[in-house]
Amino acid sequence: MSGQTPSGPRVLSGMRPTGRLHLGHYHGVLRNWVELQEQHECFFFIADWHALTTAYEEREIIADSVWDMVIDWLACGVDPERARLFIQSHILEHAELHLLLSMIAPLGWLERVPTFKDQQQNLGDKDLMTYGFLGYPVLQSADILIYRATAVPVGEDQVSHVELTRELARRFNHMFGREPGFEDNAEAAAAKMGKKNAKRFRALRRQYQEGGDTEALAEGQALVAGQANINQADRERLQGYLEGGGRTVLPEPDPLLTPSPKMPGLDGRKMSKSYHNTIGLREDADSVAHKIRTMPTDPARVRRHDPGEPEKCPVWDLHKVYSDATTQEWVQTGCRSAGIGCLECKQPVIDAVQAELDPIRERAAQLADDPGYVRDVVDRGCDAAREAAAETMVDVRAAMGLAYR
Ligand code: TRP
Ligand code: SF4
C-alpha cells in the first residue's frame, strides 16, 4: 500500500490522550471511525504532543492515557488490519513539518483561529500564553498534511483547524510548488503519457490558459488522472502545469463532519469529562446502573403520581439514542399520564447501555491482559505512518530547497 497513491480518500484523525474514554467518544467519534475504516485507508493517532500544549503539567495523565486509549479504540471495533494506529510523538517527522510550516504561518492567521481565544478564556486556570499553544493548529496541519490526507473526520469545534490546514497547504504550494526547472519537468512528464496524449494535453492546456476554456481544463484533468503509468509527483506536476500554478506538494484536505456528534450526558448536557456526567466505556455494570438510576428527571415529578414531561427530562435524551419507536411511545404516554415511574422508565436505557458496553468491556479486559499485542498493533501502525510521512518529507524538503545533503 505504501509508496503508492491511495486510490480513494485517505482519512486521518487524532485524539488527545487526556483520560479514560466514555460513551460520548464512542457515539461521537469511534463509531464513525469504525465505519470509515470499511471504505477508506485510515490513519488514527494518539495526539500526545497536542495534549502537552494545554496539559504540560499533567504528564502522568498523558502517559497513562496513551495505552488505555489504544485499548478503548480497539475494544470499540477499530480494526488494526484496516486502520493504522500510531502515536504522534513516535513519528518525529510531524515535528519537522510543524517547524517548516511555522516559517510560513502568518501570526494573524493563528491569532484569528477561534479556539485560540476561546480556550484562553475557558481554560482560565491554565497558562496558555505559550508559543506551543499558539502553534497548536500548525502542528495539527502538519499531522494532516504529512499523510496527504484528503478527509479529516472532526467535530464542529475543529473545523477551523482544518480550514487553516487548507490555507497553509495553499500557501505552501503557491510559494514552493514551483520547483526549479518546473516547466522542463512538466514537459518531460507530459512526454511520459505517450505522443498522442501529450499532444492532446498541450492543446487542452493552451485552450484553457489562452482562452479560459474550462471544459478543456476538465478534459485535461481527466486525461492526467487517467494515466496509469505516471507517478504521483508527475501527476501533480501535470495538474499544476495545466492549471497554470505550480505542483501540489501538499493537497488540501476536507473536514468530514461527524454525523452524530452530541451524545447526551447524565444531566442533559453534552457528555463531557469536564461536566462530570459521563459513563465510561470500561465502567463496571453496577456503577453504570447506579449512575442511570440516580439521574435527575423532570423536576415536576416529585411523587410517583405526578405527571411529567419527557422534553424536560435528561432520561428522554437517552431514550432518543437507545430506544426504538415502541419504547419511545411508551415513555411519552407513560410519563405524561404518570402511568410509569421514573425507575421503570430508566430500565430500558440501562439495559441498552449495558448491552452496548458488554462486548466493549469484555474486549477491553482481554486487551488489557495482552499488552504485547497492543504494543505490536501500535508498532506496526507507527512503521506504516513513518513510511508515509517520510515520503512526504522528501518532497517537502526538496520543495523548500533543503535537498542538499
Ligand atoms: N485537535 C484535535 C482535538 O483536539 C486532535 C487532533 C490533533 C487532530 N491533530 C489532529 C484531529 C489531526 C484531526 C486531525 O480533538
Ligand atoms: Fe423522565 Fe421517564 Fe421519569 Fe418521564 S418517566 S420524567 S421521561 S424518567
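# Ligand shells and cavities in a predicted model

**View 1. Lining of the second largest cavity.** In this predicted model, the second largest cavity is lined by Leu110, Val113, Thr115, Phe116, Gln119, Phe133, Leu134, Tyr136, Pro137 and His161. Sorted by class, the residues lining the second largest cavity comprise seven nonpolar and three polar ones, with no charged residue among them.

**View 2. Residues surrounding ligand 1.** Ligand 1 is surrounded by 14 residues, of which Arg16, Tyr136, Gln140, Asp143 and Gln158 are the closest. Tyr136, listed here in the shell of ligand 1, is also one of the residues that line the second largest cavity. By class, the shell around ligand 1 consists of seven nonpolar, five polar and two charged residues.

**View 3. Polar side-chain atoms next to the nitrogen atoms of ligand 1.** A polar atom in the side chain of Tyr136 is found 2.7 Å from a nitrogen atom of ligand 1, and for Gln158 the distance from a side-chain N or O atom to a nitrogen atom of the ligand is 2.8 Å. The side chain of His50 likewise places an N or O atom 3.4 Å from a nitrogen atom of ligand 1. Of the 370 Å² of accessible area that ligand 1 has on its own, the protein covers 88%. The elements giving two or more residues to the shell around this ligand are strand 1 (10-15), helix 8 (136-145) and strand 4 (151-154), and helix 8 gives the most, with four residues.

**View 4. Lining of the largest cavity.** A search of the whole structure finds two cavities of 30 Å³ or more, and the largest has a volume of about 90 Å³. The residues that line the largest cavity are Thr297, Asp298, Arg301, Pro310, Cys313, Val315, Trp316, Val331, Cys335, Cys342, Cys345 and Lys346. At least two lining residues are supplied by each of helix 15 (314-322), helix 16 (325-336) and helix 17 (342-368), with helix 17 providing the largest share, three residues. This lining divides into eight nonpolar, one polar and three charged residues.

**View 5. Ligand 2 within the largest cavity.** The largest cavity is the space taken by ligand 2. Around this ligand lie Thr297, Asp298, Arg301, Cys313, Val315, Val331, Cys335, Cys342 and Cys345. Helix 16 and helix 17 each supply at least two residues of the shell around ligand 2, and both helices also contribute at least two residues each to the lining of the largest cavity. When the residues around ligand 2 are grouped by class, six are nonpolar, one is polar and two are charged.

Conventions: Residues numbered from 1 in each chain as written. Chains lettered and ligands numbered in written order. Predicted model: local features only at pLDDT ≥ 70, side-chain atom pairs only at ≥ 80, totals over all residues. Heavy atoms only, no water. Near = heavy atom within 4 Å. Polar contact = N/O pair within 3.5 Å; in protein donor to acceptor, adjacent residues only side chain to side chain. Areas by Shrake-Rupley, 256 points an atom, 1.4 Å probe, with all protein chains shown as cover. Nonpolar A, V, L, I, M, F, W, Y, C, P; charged D, E, K, R; others polar. 1 Å grid on protein atoms, 1.4 Å probe; cavity = no way out; pocket = protein on both sides within 12 Å on 5 of 7 lines; lining within 4 Å. Points joined across faces, edges and corners; volume = space filled by probe spheres on them. Sits in = over half its atoms within 2 Å of the grid points.
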